[in-house]
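Here's a quick briefing to read with the model open beside you. Let's start out on a loop and then work our way to the ligand.

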Amino acid sequence: MNAVAENLKKVRKRIERAARKTGRQLSDIELVVVTKNVPVNMIKQAIAAGVNTIGENKAQELLDKYDQIGDEVDWHFVGHLQRNKVKNIIGLVSLIQSLDSLRLAEEIETQAAKIGKVQHVLVEVNIGEEASKFGLAPADLIGFITDVSKRFKFIRIKGLMSMAPLFEDPEEVRPLFTTMKSLFEQSKTLDLTGVEMDILSMGMSNDFEVAIEEGATMVRIGTAIFQKSDIRD
Ligand SMILES: *Cc1c(COP(=O)(O)O)cnc(C)c1O
């Protein structure tokens, strides 16, 4: 088994263990494998090991890799999306995880309408309220979702995404994941057109177990799968 397949097996085991703690199983947690800076041959190893959803955070890198890999996997956009790049990726991605402004929503609407597609998105929440990160402030979230629902017909909000601050000890982010979970539950009660809140995307290599324990339905993992050494159990 190659290192990527080996790492994936371990990550899946860890996901399963965390899921069980909340009465769920491996198949209840969607794994998005984040492949930024990862060469295509290693991505193909991941696909051969059963990965079916890939996340990229730069439009050009996604386009280059899509050319070589195609649509045998689902592609998600997970990074800050510049408006002038929307037209390039809109036909390729099944989910934009990083809707972070009304201006971006306007552009997604325009480009999705052009190709007759309803674009699925997650709303990004800046849960740590960090200046260095994009996303809605928690206090603005409900108003934002309501606006998007009212104004746009070619956007379907499928859930929330967040990137927690990086801490040495993942236990320190647990309260932020708990807050995300309650924002998610609150958004679910909105009953708005074009809003189907079923995805809570949180948890990366350093904190995905805690995220799952606090209710994540989707995790986005890169480093733990593609690192060359230090394969953790
Ligand atoms: C890079 C990235 C990830 C994966 O992070 P790792 O620490 O490598 O697992 C997840 N989400 C986003 C938005 C990213 O940019």
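Asn37 sits in the loop that links strand S1 (30-34) to helix H2 (40-48); helices (H or I, at least four residues) and strands (E, at least two) are DSSP runs, numbered from the N terminus. Keep in mind that this is a predicted model, where local features need pLDDT of at least 70, side-chain atom pairs count only at pLDDT 80 or more, and totals for chains, interfaces and linings use all residues. Residues are numbered from 1 along each chain as its sequence is written, and side-chain values use heavy atoms, with hydrogens and water left out.

- Asn37 isn't a glycine, yet its phi is positive, at about 65°.
- Asn37 counts as exposed because its relative accessibility is 67% (exposed means over 50% relative accessible area, buried under 20%, partly exposed in between, with a 1.4 Å probe and protein chains only).
- Asp191, also not a glycine, has a positive phi of about 55°.
- You'll find Asp191 in the loop between helix H7 (174-188) and S7, and at 73% relative accessibility it counts as exposed.
- For background, most residues other than glycine have a negative phi.

**Around the ligand**
- The ligand is surrounded by Val34, Lys36, Asn57, Val78, Met163, Met204, Ser205, Arg220, Ile221, Gly222 and Thr223 (each with a heavy atom within 4 Å of it).
- Sorted by class, that shell has five nonpolar, four polar and two charged residues (Ala, Val, Leu, Ile, Met, Phe, Trp, Tyr, Cys and Pro count as nonpolar, Asp, Glu, Lys and Arg as charged, and the others, Gly among them, as polar).
- Polar side-chain atoms of Lys36 and Ser205 each lie by a ligand oxygen, at 2.7 Å for Lys36 and 2.5 Å for Ser205.
- Arg220 places a polar side-chain atom 2.9 Å from a nitrogen atom of the ligand.
- Taken alone, the ligand exposes 380 Å², and the protein buries 89% of that (areas by the Shrake-Rupley method with a 1.4 Å probe).

**The loop between S7 and H8**
- Ser205 belongs to the loop between strand S7 (195-201) and helix H8 (208-213).
- Ser205 counts as buried because its relative accessibility is 16%.
- A polar atom of the Ser205 side chain lies 3.4 Å from the backbone nitrogen of Thr223.
- Gly203 is in the loop between S7 and H8 too, and it counts as buried at 2% relative accessibility.
- Gly203 and Phe134 are 69 residues apart along the chain, with 16 Å between their C-alpha atoms.

Definitions and conventions. A polar contact is a pair of N or O atoms within 3.5 Å; within protein, one must be able to donate a hydrogen and the other to accept it, and residues adjacent in sequence count only if both atoms are side-chain atoms.
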